[in-house]
Amino acid sequence: MSKRRLIPLAMFVFLLVAALSSFARLAEAQTDQLQYVVTYVEFKPADTKAGERVLDDLASQALASVGVIRFDVLHQVDRRNFFALFEIWSSAETLAAFESSSATQAILTQLAPLLEAPLDERDGNLLAGTVNSRGRHAESRQIFVITHVDIDPQFVDQALPVLDTFVSDSASDPGVQSFALLSQTGTTNHFQLIEVFANQQAFDAHVSA
C-alpha cells in the first residue's frame, strides 16, 4: 500500500547561465504578493545555439521591465537543448504586462520556430523556504535543481507537511544557497521544488545525505 502513496518526481539539474541572470532586492519585496514562474524550454537540437541567443534577448527585455525581481536562464546539464527560465516578479500583474508587451511578443515570435515543443510555463507562489539573494554574476559552478512534484490529489494534505519538513531540513545542508517549495497556479496537487547549490559537490552531498 505504501508504494501507492509515493510522490512522483521529475528532477531536472541545470547550470546557471550567469550572463543572462539578475537579482534585485528580493528582501525588500512583499513576498506574499510575489509571482514565481518556472518555464521549461526545449529547442530543436539543430537550433539550440540560435535559441539560446533569443533567450538572451528575452532576458534583456525582462530585466528592463517594471516589476522584475529575478530572471535566470538555466541550461540543463544532461540535455543540451533543454533550458529553464526561473523568474520572480513583484506581482501577477507585472508578469502579465511583461508577457503581453509588443517587445516580448516579438521575441516569442522569433523563439517559436526554434522550439521542439511549446513553452511549458508554470506560475506559482512560495509555500515554504526561501530564495536567497545573490550577486548578478553567480559562479559558473552553481547548480540549480528544479523538481516537479505531482501528488496524488487525495494525499495532498498528508504530503505537504512532509515536503515542508524536507525543505526546512535541507536549507541547512552545507553548500545550499536556496531551497524553496512553490505551488502551481490552477493545479492544486502540482508543485515545484527550487534548489540552488554552490557547486556539484554540494549537490552530491545533499543527495547522498
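F71 and F98 are both buried in this predicted model.

| Pair | Geometry | Centre to centre | Angle between planes |
|---|---|---|---|
| F43 and F83 | edge-to-face | 5.5 Å | 75° |
| F71 and F98 | edge-to-face | 6.5 Å | 75° |

Each pair ties together distant parts of the chain. F71 sits in strand β4 and F98 in helix α2, 27 residues apart. F43 is in the loop between β3 and α1, while its partner F83 is in strand β5, 40 residues away. F43 and F83 are buried as well. Elsewhere, ring pairs join Y36, F86 and F144 into a cluster, and R79 puts its charged end over the ring of F82, 3.7 Å from the centre.

Now for the nonpolar packing. The largest core has 20 residues, and the ones touching the most other members are F43, L55, L58, F71, V73, L85 and W89. At least two residues each come from β3, α1, β4, β5, α2 and α3, with α1 giving the largest share at five. Beyond its neighbours within four places in sequence, L55 is in contact with F43, V73, F83, L85 and L111. Apart from this core there's another, of 19 residues, including V145, V167, L193 and A202.

What about S178? This serine lies in strand β9, residues 176-183. S178 has a relative accessible area of 4%, so it counts as buried. Leaving out residues up to four places away in sequence, S178 touches T130, V131 and N132, along with I194, E195 and V196.

Definitions and conventions. Residues are numbered from 1 along each chain as its sequence is written. This is a predicted model: local features need pLDDT of at least 70, side-chain atom pairs count only at pLDDT 80 or more; totals for chains, interfaces and linings use all residues. Side-chain values use heavy atoms; hydrogens and water are left out. A nonpolar core is a set of buried Ala, Val, Leu, Ile, Met, Phe, Trp, Tyr and Cys residues joined through side-chain atoms within 4.5 Å. Buried means under 20% relative accessible area, exposed over 50%, partly exposed in between (1.4 Å probe, protein chains only). Helices (H or I, at least four residues) and strands (E, at least two) are DSSP runs, numbered from the N terminus. Contact means heavy atoms within 4.5 Å. Rings of Phe, Tyr and Trp (its six-membered ring) pair if their centres lie within 6.5 Å; planes under 30 degrees apart count as stacked, over 60 as edge-to-face and the rest as tilted. A charge sits over a ring if NZ of Lys or CZ of Arg is within 6 Å of the ring centre and within 35 degrees of the ring normal.
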